Amino acid sequence: PQQADDAFPATQQIVVLSESLAATQHQIQALQEQYFDLFNNNKILVNEVVSLQKMVKAQSQVSNELITH
Amino acid sequence: PQQADDAFPATQQIVVLSESLAATQHQIQALQEQYFDLFNNNKILVNEVVSLQKMVKAQSQVSNELITH
Amino acid sequence: PQQADDAFPATQQIVVLSESLAATQHQIQALQEQYFDLFNNNKILVNEVVSLQKMVKAQSQVSNELITH
């Protein structure tokens, strides 16, 4: 049989593949954690921008009142 | 031949690896979709911040005119 | 032995798996680069928002002084 006589037999190739796949899965997990951090940072930033929009809108009304008086 | 006589033969190991790789690819696809959503959210946020910058700049000019008059 | 007589032998299945895993790793690398770009964009946006917050706060003080005078 072909596989058993290979210089680099199937079983060894499978070990290499398994290790490579495990490393790949660790990379994905790290990327998922980084994504989650960025998602949360983005959420905080959205809240900050919404607060700023309210402040700027309120200041715009104050300015308009100052101009018309 | 070594493989065929293993307790857990190469063919079965290959099936396990294939399934594990398929699961890994689904994780990546999910992560790509999450990334795409976050990318679009970031784009919206950039536009909101640019709008705010214009409003704040305009209000700054109004304030300066109110001060000098 | 079972594997050697398969229509699609173990060695060929391992080649397919190896190629599929390599493609998966390229996808992860691309996703990591996209994540890094988005992370940097988010960082710039945070700085812009912090600047805006300072400007709006300063304008708010100016408005208050204009009102009380």
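**Contacts and interfaces**

Tutor: Start here: the side chains of Gln53(C) and Glu48(A) are joined by a polar contact of 2.4 Å. Keep in mind that this is a predicted model.

Student: OK. Where is Gln53(C) found?

Tutor: Gln53(C) lies in helix α2 of chain C.

Student: What else does Gln53(C) touch, leaving out residues up to four places away in sequence?

Tutor: Gln53(C) touches Leu52(A) as well as Glu48(A), with those sequence neighbours not counted.

Student: Why does Gln53(C) count as partly exposed?

Tutor: Because its relative accessibility is 26%.

Student: Zoom out. How many residues are in contact between chain C and chain A?

Tutor: On chain C, 30 residues are in contact with 28 residues of chain A.

Student: And how much area do chain C and chain A bury between them?

Tutor: About 2500 Å². Carbon and sulfur atoms account for 73% of that area.

Student: How many salt bridges between chain C and chain A?

Tutor: Zero salt bridges for chain C and chain A. Polar contacts are there, though: five residue pairs between chain C and chain A, both residues at pLDDT 80 or more.

Student: Which elements of chain C supply at least two residues each to the side that touches chain A?

Tutor: α1 (2–5) and α2 (10–68) of chain C. The largest share of that side comes from α2(C), with 26 residues.

Student: What is the make-up by class on the side of chain C that touches chain A?

Tutor: That side of chain C has 19 nonpolar residues, 11 polar and no charged ones.

Student: Switch to the other pairing. How many residues of chain B are in contact with chain A?

Tutor: 28 residues of chain B, and they meet 30 residues of chain A. The area buried between chain B and chain A is about 2500 Å², 73% of it from carbon and sulfur atoms.

Student: Which elements of chain B give two or more residues to the side that touches chain A?

Tutor: α1 (2–5) and α2 (10–68) of chain B. α2(B) gives the largest share, 24 residues. By class, the side of chain B that touches chain A has 16 nonpolar, 10 polar and two charged residues.

Student: Now symmetry. What rotation superposes chain B on chain A?

Tutor: A rotation of 120°, with 0.0 Å of shift along its axis and an RMSD of 0.0 Å. That is the relation of a three-fold axis.

Student: And what superposes chain C on chain A?

Tutor: A rotation of 120° with 0.0 Å of shift along its axis, RMSD 0.0 Å.

Student: What does Asn42(A) touch?

Tutor: Leaving out residues up to four places away in sequence, Asn42(A) touches Leu38(B), Asn41(B), Asn42(B), Leu45(B) and Asn42(C).

Student: Last one. Where is the place of Ile67(C), and what does Ile67(C) touch?

Tutor: Ile67(C) is in helix α2 of chain C. Ile67(C) touches Val62(A) and Leu66(A), again not counting residues up to four places away in sequence. With 47% relative accessibility, Ile67(C) counts as partly exposed.

Terms used:
Residues are numbered from 1 along each chain as its sequence is written. Chains are lettered from A and ligands numbered from 1 in the order in which they are written. This is a predicted model: local features need pLDDT of at least 70, side-chain atom pairs count only at pLDDT 80 or more; totals for chains, interfaces and linings use all residues. Side-chain values use heavy atoms; hydrogens and water are left out. Copies are superposed by least squares on the C-alpha atoms of residues with pLDDT of at least 70 in both. Contact means heavy atoms within 4.5 Å. Buried area is the accessible area (1.4 Å probe) that two parts lose on being put together, summed over both. A salt bridge is a side-chain nitrogen of Lys or Arg within 4 Å of a carboxyl oxygen of Asp or Glu. A polar contact is a pair of N or O atoms within 3.5 Å; within protein, one must be able to donate a hydrogen and the other to accept it, and residues adjacent in sequence count only if both atoms are side-chain atoms. Helices (H or I, at least four residues) and strands (E, at least two) are DSSP runs, numbered from the N terminus. Ala, Val, Leu, Ile, Met, Phe, Trp, Tyr, Cys and Pro count as nonpolar, Asp, Glu, Lys and Arg as charged, and the others, Gly among them, as polar. Buried means under 20% relative accessible area, exposed over 50%, partly exposed in between (1.4 Å probe, protein chains only).
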